[in-house]
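Trainee: Please take a close look at the ligand sites of this model, and at the pockets that go with them. One connected account will do.

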Amino acid sequence: MSYIKKPVARHPSLKPNTLGLTLRDYEGAMSTLCAGCGHDSITAAIVRALYELDTPPHMLAKLSGIGCSSKTPTYFVSGSHGFNSAHGRMPAIATGASAANRELTYIGVSGDGDSLSIGLGQMVHAIRRNVKMLYVIENNGVYGLTKGQFSASADVGSKSKKGEANTQAPLDPVMLALDIGATFVARSFSGDKAQLVPILKAGLRHDGFALVDVISPCVTFNDHEGSTKSYKHTRKHQLPILEADFVPFAAEITADYPEGAAHSVKMHDGSMVRFRKVAADYDPTDRANVASYLREHQRAGEVPTGLLYLDESSEDMHRAAKTVKTPLTRLTHEELCPGNAALRKLQEAFR
Amino acid sequence: MQDSLALKVNDFALKLANVNGTGSASANSLLMQAIFRMGIPVSGKNLFPSNIQGLPTWYEIRVNKDGHTARTAEYDLMVAMNAETYARDVKEVRAGGWVLHDSSWPLDKSLLRPDVTFLGVPYAQLCNEAFVDSRERTLMKNICYVGTLAALLCIDMDVVSGMLKEKFAKKPALMESNKRAIQLGYDYAVQHFECPLPLRLKKMDATKDSILIDGNTATALGCVYAGATVAGWYPITPSTSVLDAFKGFCERFRTDKATGERRYCILQAEDELAAIGMVIGASWMGARSFTSTSGPGISLMNELIGLAYYAEIPTVIVDVQRVGPSTGMPTRTQQGDILLCAYASHGDTKHILLFPANPGECFHFAVNAFDLAERFQTPVFILSDLDIGMNDWVVPRLEWDDTYRPDRGHVLSKEDLERMPKFHRYSPEDELGVAARTLPGVHAKGSFFTRGSGHNKLGGYTEIPDEYQEVMDRLARKHKASRNHVPSAVIERLKGSTIGIVTLGGCDLAVRESLEQLKSRGVRADYMRVRGFPFGDDVQAFLDAHEQLFIVEQNRDAQLRTLITLETRTPKEKLYSVLAYGGFPLQAAQVVQGVLSQITPRLADSERE
Ligand SMILES: Cc1ncc(C[n+]2csc(CCOP(=O)(O)OP(=O)(O)O)c2C)c(N)n1
Ligand code: SF4
Ligand SMILES: [Mg+2]
């Protein structure tokens, strides 16, 4: 068992955010994952992102499937609404929830088993619908909770703890998402919080489905020599190809323009994502360019990371469905029920 | 052999044999609607294949002045428009009956029967002469026989032309062709046959307060009136038209005229696993939400139905049953999902079921389903079937009580939460075994963690036996408590009765008709139609009161009987099954036969007692 690192008393994060809440108010129950599990670091990054975005806890819905990764919503923001559902079925539940109440902020936490095997269908269709939510895949190349079987993200040749090599081609959520029209695609590493936090913040403000694939080593079943999802291997091969700064709307006017900002994208709420240190031949707003760039570098054994692709112009599920701005859950009976006079009139056609 | 000259007024049946995809459906429903508008009780059953074009399809119309409009296979008149099925169609007409056929080609002599009258009209020839376009020629052949039948059966031509006027108000060219075709068929009959036949329609006053509606449309309307805003679904026969209708009504009633904004969200899911997930997510947020499917979809939804049950999330599921197992016969009717739905999902689960018998009940039970789901915080199934869902039925005009307010069950408001020291999701419970729930986003104090994994009465994760059992026991109490909140059984007692007949759903009309036929044979039976599960105290009392009971249902394995033996104290020895499960709607004759063949001799002659 490990504890999420609690900040020391004089840590600046004890400084309240605009809601008067400190970082601690965004924490959850004590983690019951293995000490050193990558998932706990992602939890800590989620805590920080929500704290920094001044998210009211009770306006947050956190959903998950089943797996070690899917347990983690318990470990952040106790004051929010959690839903630990069934294996691979979180995307549909989040879709329905978001359809009913568009005012909440939605986070889905999933694993590579949960999202790429049993739940692959639901994940890709949530992407197609462009459901407004932050969707985090805590990707460790194995089924942690069922004790270390290869998952669909395991690379060919990657070795299991017992030394067996995986022979099936991996499913890459980033390439897949790009291919089917995802509007926000990122990859990061649980060991790189500096990169992860701004990505999560941008994802939370994205007006659509924000996919964040986070390499998150499983220390118990997949952190050995020969594994391509270990800490060591990921550190060695990670290739941060760009940096993203998330600049909230209020701060936007005063923010210094960082050095070498190559692209900036305005989010729907007025905040900005600024890309820095972008390779000369990379354009995070050009889907085809991103896909070919990533394919090339992944073939070379690298793990490109960053907020890789962003399209803020497309319609999310609600805009496409033309639903009212008021959450459906708040409509009154009078706004929904046509009444007896209308029923009488309607039935003239049933004669 | 019935006397073909004996006059049958408003009491006969016809069958129309057609080729799928030739436009016969609109001709046939035109016929049925005309009879309905003449004020005569009527039913129309579409016996169609799982096919878009080319296969044989049949339509049956029964008129009965006393309202016995269950299916019957005693056909007085066959309209044989499909050469491919002539042989079996001709065989099915009762002795003394009539066959109306297309005489453009000579009829195979071997098909002729001495005991029926053949009426030949050269439809193809007439239409080829009258119309140019080949598709129109095909379509108008069907409309043409409507004209013949109008002459043969005394269908009111004013009614027919009134209907054409409404139907084709915006398409004058089509109206012209239809009128012409009908007149052709009518004139030919008058010139060549002795019209009318001894089968006659005579205006009545029995349907003026009724409407013609199919169950799926009525279910959808109920969902609209109940205030459902989110629907998740995946297309499947015979339930697809529930969502088609829901969409249509929402466009009409729930779309802002000025802005185009919609007060609903329909999600066509990638499969039924997702459809039920969407419903659970929306209901968790506090929207009234439903899905509609058929047996194969229920099979897929099983895992998440258990999640909704255990996490106590209101969920409304419409199951328009069709013939299983597997793909089975998708366009045929059955009541084969009773046990599947009653105990859907792994582990100890039990659900509330509603059994509508007709479109009128579909409408009202849809509203009940949402109230029950929210009151008891649990999945509720509406078990309709293909016959109810897809055929047009004559039912009393629907009435809506404008004072109705949704029963949202035990939901804590912002103010409630403000006053509470602390909120726990699964306690305290009320007298029904239900604990208060909160809706996300309402108040910080209302937050809790919803989970399908083991939890205690405070909503916390648990693996401790006593804590787990405590919650499971409450769920059982809650389910039991719902027994007197589901719609009560319809019970009709007959003086001097010796046996009880128990049935459900779409068997209603056939069983009621059988009661009269049994009575005329000296067997008096009490009648009970269960309309909900768990069974109420009224059901138990009826079962207790009878020495021999016949359970009539449309499946092979006597699923209602099984449910009764499992969930009541009634010994199974006194429960006898009458089963029909071939896929066509139940007939009274099947019930009569099933009862007479099994009745205890001592109880068989109630007149003497
Ligand atoms: C329907 C169903 N099948 C199988 C399981 C067993 N199961 C639980 S978690 C899991 C795999 C989880 O893998 P992943 O999503 O990668 O999560 P991790 O534990 O690696 O974080 C499986 C197969 C289940 N819970 N439900
Ligand atoms: S088994 Fe692996 S994934 Fe699961 S908690 Fe332990 S380290 Fe994390
Ligand atoms: Mg995993």
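Mentor: By class, six nonpolar, nine polar and three charged residues make up the shell around ligand 1; here Ala, Val, Leu, Ile, Met, Phe, Trp, Tyr, Cys and Pro count as nonpolar, Asp, Glu, Lys and Arg as charged, and the others, Gly among them, as polar. The model is predicted, so local features need pLDDT of at least 70 and side-chain atom pairs count only at pLDDT 80 or more, while totals for chains, interfaces and linings use all residues. Residues are numbered from 1 along each chain as its sequence is written, chains are lettered from A and ligands numbered from 1 in the order in which they are written, and side-chain values use heavy atoms, with hydrogens and water left out.

Ligand 1 sits between chains A and B. Of the 18 residues around ligand 1 (a heavy atom within 4 Å), those that come nearest are A:Ser69, A:Asp112, A:Gly113, A:Asp114 and A:Gly144. Its polar contacts are pairs of N or O atoms within 3.5 Å; within protein, one must be able to donate a hydrogen and the other to accept it, and residues adjacent in sequence count only if both atoms are side-chain atoms. One oxygen-atom contact of ligand 1 is with a side-chain N or O atom of A:Ser69, at 2.7 Å. Another, at 2.8 Å, is with a polar backbone atom of A:Cys68, and a side-chain N or O atom of A:Asn140 is 3.1 Å from an oxygen atom of ligand 1. Taken alone, ligand 1 exposes 590 Å², of which the protein buries 76% (Shrake-Rupley method, 1.4 Å probe; for residues, only the protein chains shown count as cover).

Helix H2 (68-71), helix H4 (112-116) and strand S5 (142-143) of chain A each give two or more residues to the shell around ligand 1; helices (H or I, at least four residues) and strands (E, at least two) are DSSP runs numbered from the N terminus. H4(A) has the largest share of that shell, three residues.

A:Asp112 in helix H4 and A:Val142 in strand S5 of chain A are 30 residues apart, so the pair links distant parts of the chain.

Ligand 2 has A:Cys68 and A:Asn140 around it as well, among them also A:Cys34, A:Cys37, A:His39 and A:Cys218. Its shell divides into seven nonpolar, three polar and no charged residues.

Helix H2 of chain A returns in the largest pocket, whose volume is about 930 Å³. A pocket, on a 1 Å grid over the protein atoms alone, is an open set of points where a 1.4 Å probe fits, with protein on both sides within 12 Å along at least five of seven lines; lining residues have an atom within 4 Å of a point. Grid points are joined across faces, edges and corners, and a volume is the space filled by probe spheres set on the points. The lining counts 38 residues, with A:Thr74, B:Phe449, B:Arg451, B:Gly460 and B:Tyr461 nearest the centre.
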